[in-house]
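Please look through the structure below before reading on. The report that comes after it takes up a few topics in turn.

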Amino acid sequence: MSFYIFWKEEIRMLTKLWNNLKKMKLLDVVILVTLFVASFIPHGIYAYQLSRIGDDINIVATVSIDGQEVYRTPLDGSTHEEFTLHPADHQYNIIEVDGERIRNREDNSPDQIGVRRGWISQPGETAVVLPHKLIVAVHAEDASGQEINPRELRDDDEQTEQDDIIIPN
């Protein structure tokens with residue numbers, strides 16, 4: 001009996017959806033499709049930037065507490081460790097490095113946002129624990145140890161005058 005009621009409710013909902021879809025105009029569909037396609041543009045840009053990272057680039061993870069870097073390691077597959085940081089009294093973060101990825105495995109923050117972030121391994125990814133003022137970040141560096149800005153990965157002919165924009169205070 002309950003299956004029949006459930007099925008009847010599903011048919012009623014699908015009928016209402018079909019009636020609403022029939023009311024849509026062509027421009028409504030064009031707008032929806034455009035927004036759907038545009039929602040994937042950031043993913044495409046990020047994938048393009050990652051594809052520009054060459055073999056001579058090092059991927060590095062840093063852990064900072066209150067803006068001060070306390071740990072740095074290359075994510076090259078050779079490091080496997082776990083360590084505990086104490087940002088303040090009664091606060092702890094257990095950081096785990098496993099080859100080419102890093103994560104905040106455990107902490108005692110109330111929302112566990114940094115823990116739920118999980119493993120990070122790509123340049124630009126971060127895991128943040130605001131109550132502890134802790135940031136785990138992954139970025140790319142060149143052979144001399146300079147952090148690479150994604151805008152610097154462009155070809156020389158793609159450089160524009162916008163790189164020299166000065167924002168007044």
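## Basis of the description

This is a predicted model, in which local features need pLDDT of at least 70 and side-chain atom pairs count only at pLDDT 80 or more, while totals for chains, interfaces and linings use all residues. Residues are numbered from 1 along each chain as its sequence is written, and side-chain values use heavy atoms, with hydrogens and water left out.

## The sheet

Four strands form an open sheet in the order β2-β1-β7-β6, and their pairing is antiparallel; strands here are DSSP runs (E, at least two residues), numbered from the N terminus, and two of them pair if DSSP finds at least two bridges between them. At the edges lie β2 (68-74) and β6 (126-129), each of which pairs on one side only. From one strand to the next the twist averages 20 degrees, where axes are lines fitted to C-alpha atoms and angles run from 0 to 180 degrees between N-to-C directions.

Strand β1 (residues 58-65) and strand β7 (residues 134-141) are joined in the antiparallel sense over 8 bridges. Within this sheet, N58 stands opposite E141 in β7.

## Salt bridges

The structure holds 9 salt bridges, a salt bridge being a side-chain nitrogen of Lys or Arg within 4 Å of a carboxyl oxygen of Asp or Glu. One of them links R72 with E69, whose closest N and O atoms are 2.9 Å apart. R72 is partly exposed at 39% relative accessibility, and E69 is partly exposed too, with a relative accessible area of 43%; the class covers values between buried (under 20%) and exposed (over 50%), found with a 1.4 Å probe and protein chains only.

Another joins R103 to E96, with 2.7 Å between the closest N and O atoms; R103 is partly exposed at 25% relative accessibility, whereas E96 is buried at 17%. E125 forms a salt bridge with R117, and here the closest N and O atoms are 4.0 Å apart. Through shared partners, salt bridges also join E82, E96, R103, R105 and E106 into one network.

## A nonpolar surface patch

L26, L27, V30, I31 and L35 form a nonpolar patch on the surface, with about 520 Å² of accessible area together. Such patches are made of residues with over 30% relative accessible area and no salt bridge, nonpolar side chains (Val, Leu, Ile, Met, Phe, Trp, Tyr) being joined within 5 Å, and accessible areas come from the Shrake-Rupley method with a 1.4 Å probe.

Methods:
Patch = residues over 30% accessible without salt bridge, like charges linked within 9 Å, V, L, I, M, F, W, Y side chains within 5 Å.
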